[in-house]
Amino acid sequence: ISAISIDSEGNKWFGMSGNESERVSRFTGSNWKWWLDRDFPCNDKPNSIIAISPDHVFAANWNGLCVFNGEIWNRVCADELGGVYDLGIIGDTVLIGTKEGIFSYNENNGNLYKDNLNHTPWSITRIVVYQSGYVWIATQWSGLYCFNGSDTIAYNIDDGLNNMLVNDIKLDSKNRLWVATMEGINVIDGN
């Protein structure tokens with residue numbers, strides 16, 4: 001399993017990487033549904049899935065961004081992304097973390113644009129969006145960044161980060177950001 005998400009009705013969505021033809025599956029609590037290579041136009045295991053509802057799901061991988069509309073998967077952007085690591089959602093905008101930086105895709109008008117979020121670097125490994133709209137961005141070699149809507153704040157070794165290679169970030173119920181690096185764990189108070 002390469003990715004997991006839970007939609008608004010509690011269905012579990014999985015990115016599949018084991019079987020070479022299965023790409024995405026959904027478990028409703030009693031039934032499974034699988035989408036194979038022929039059904040999933042991104043043609044590889046999803047690195048990230050965001051399931052908003054049973055008929056509104058985003059999945060992304062090295063071959064682009066795909067959207068599920070309740071019946072079929074459609075690829076909405078591909079070559080310009082350069083490989084997708086993670087996704088985040090702010091309103092109608094999908095934030096796409098790639099090895100080339102952050103892209104934004106507006107689902108309402110279909111526009112895709114390079115979004116520097118005030119000079120956020122390349123090689124985005126994870127995106128976490130706070131309910132307040134703050135965006136935390138983990139990178140492979142440039143540490144951690146927080147975009148507050150107008151400014152981007154960088155966190156690096158001088159700020160107490162134990163390594164600049166950030167593999168993963170998760171927000172807990174106490175508004176703390178857990179940061180997994182090559183040297184261990186950091187915890188940042190998000191208040």
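**View 1. Aromatic ring pairs.** Rings of Phe, Tyr and Trp (its six-membered ring) are paired when their centres lie within 6.5 Å, and a pair is stacked with planes under 30 degrees apart, edge-to-face over 60, and tilted otherwise. Under this rule there are 14 aromatic pairs. Tyrosine 130 and tryptophan 136 form a tilted pair, because their planes meet at 45° with the ring centres 6.3 Å apart. The model is predicted: local features require pLDDT of at least 70 and side-chain atom pairs pLDDT 80 or more, while totals for chains, interfaces and linings use all residues. Numbering runs from 1 along each chain as its sequence is written, and side-chain values use heavy atoms, without hydrogens and water.

View 2. Burial is judged by relative accessible area (buried under 20%, exposed over 50%, partly exposed in between; 1.4 Å probe, protein chains only). Tyrosine 130 is buried at 8%, and tryptophan 136 is buried at 4%.

**View 3. Aromatic cluster.** Trp13, Trp35, Phe40, Phe68 and Trp73 are linked into a cluster by ring pairs.

**View 4. Charge over a ring.** The charged end of lysine 114 lies over the ring of phenylalanine 103, 5.6 Å from the ring centre; the criterion is NZ of Lys or CZ of Arg within 6 Å of the centre and within 35 degrees of the ring normal.

**View 5. The disulfide.** The structure has 1 disulfide (cysteine sulfur atoms within 2.5 Å). Cysteine 42 is joined to cysteine 66 with an S to S distance of 2.2 Å. The S-S torsion is about 110°, so this disulfide is right-handed. Both cysteine 42 and cysteine 66 are buried, each with a relative accessible area of 0%.
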